[in-house]
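Welcome! Please take a look at the molecule below, and then we can walk through it together.

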Amino acid sequence: MSLERVVARGTARGLINGSAAPSYEMVISLYKILMLEGDAVLAAGLLDLLASNNLSELEDRNCI
């Protein structure tokens, strides 16, 4: 398992369980990494996170 995948998995889990505040760009970046590394289940969890959140809220957090 690559270091990039380990970091992406840990960060994605933190976002999904709510212990970290996501930005839209971070979620998309992590999604791409996880899909390239073959971790489709966790990547799908990130898409669920985006679907459950208001995208304008995520974008507003990133602009602050």
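Is alanine 12 buried or exposed? With a relative accessibility of 0%, alanine 12 counts as buried. Buried here stands for under 20% relative accessible area, exposed for over 50%, and partly exposed for what lies in between, using a 1.4 Å probe and protein chains only.

Before we go on, a word about the model. It is predicted, so local features need pLDDT of at least 70 and side-chain atom pairs count only at pLDDT 80 or more, while totals for chains, interfaces and linings use all residues. Residues are numbered from 1 along each chain as its sequence is written, and side-chain values use heavy atoms, with hydrogens and water left out.

## The whole chain

The protein chain has four helices and zero strands. Helices (H or I, at least four residues) and strands (E, at least two) are DSSP runs, numbered from the N terminus. Followed along the sequence, the pattern reads α-α-α-α.

Of the 64 residues in the protein chain, 31% count as buried. The chain exposes about 4100 Å², and carbon and sulfur atoms supply 58% of that area. Such areas come from the Shrake-Rupley method with a 1.4 Å probe; for residues, only the protein chains shown count as cover.

How do parts of the chain meet? A contact means heavy atoms within 4.5 Å. Among contacts between residues at least 6 apart in sequence, 54% join residues at least 24 apart.

## How the helices pack

Two packed helices are described by the angle between their axes and the distance between the axes. Axes are lines fitted to C-alpha atoms, for helices over the stretch in contact, and the angles run from 0 to 180 degrees between N-to-C directions.

Let us begin with helix H1 (residues 3-17) and helix H2 (residues 24-36), which pack at an angle of about 135 degrees with their axes 10 Å apart. That makes H1 oblique to H2. For the wording, angles under 35 degrees count as roughly parallel, over 145 as roughly antiparallel, 65 to 115 as roughly perpendicular, and the rest as oblique. H1 passes H2 in a left-handed crossing; left-handed means that the near helix is turned anticlockwise from the far one by less than a right angle, and right-handed that it is turned clockwise. From H1, the contact uses Glu4, Ala8, Arg9, Thr11, Ala12 and Leu15, and from H2 it uses Met26, Val27, Leu30, Ile33 and Leu34. By class, these are eight nonpolar, one polar and two charged residues. In this sorting, Ala, Val, Leu, Ile, Met, Phe, Trp, Tyr, Cys and Pro are nonpolar, Asp, Glu, Lys and Arg are charged, and the others, Gly among them, are polar.

Next come H2 and helix H3 (residues 40-52), whose axes come within 8 Å and cross at roughly 160 degrees. H2 is therefore roughly antiparallel to H3. Their crossing is left-handed. Residues in this contact include Tyr24, Val27 and Tyr31 of H2 and Ala40, Leu46 and Leu50 of H3. The contact of H2 with H3 has 14 nonpolar, no polar and no charged residues.

H1 also meets H3: their axes come within 10 Å and cross at roughly 35 degrees. This crossing is left-handed. Here Arg9, Ala12, Arg13, Leu15 and Ile16 of H1 touch Leu42, Gly45, Leu46 and Leu49 of H3. These residues divide into six nonpolar, one polar and two charged.

| Residue | Relative accessible area | State |
|---|---|---|
| Arginine 5 | 19% | buried |
| Arginine 9 | 17% | buried |
| Threonine 11 | 28% | partly exposed |
| Alanine 12 | 0% | buried |

What do they touch, setting aside residues up to four places away in sequence? Arginine 5 touches Glu37 and Asp39. Arginine 9 is in contact with Met1, Leu34, Asp39 and Leu42. Threonine 11 touches Met26 and Leu30, and its C-alpha atom is separated by 8.0 Å from that of leucine 30, 19 residues apart along the chain. Alanine 12 touches Leu30, Leu34, Leu42 and Leu46. The C-alpha atoms of alanine 12 and leucine 30 are 6.8 Å apart, with the two residues 18 apart along the chain.
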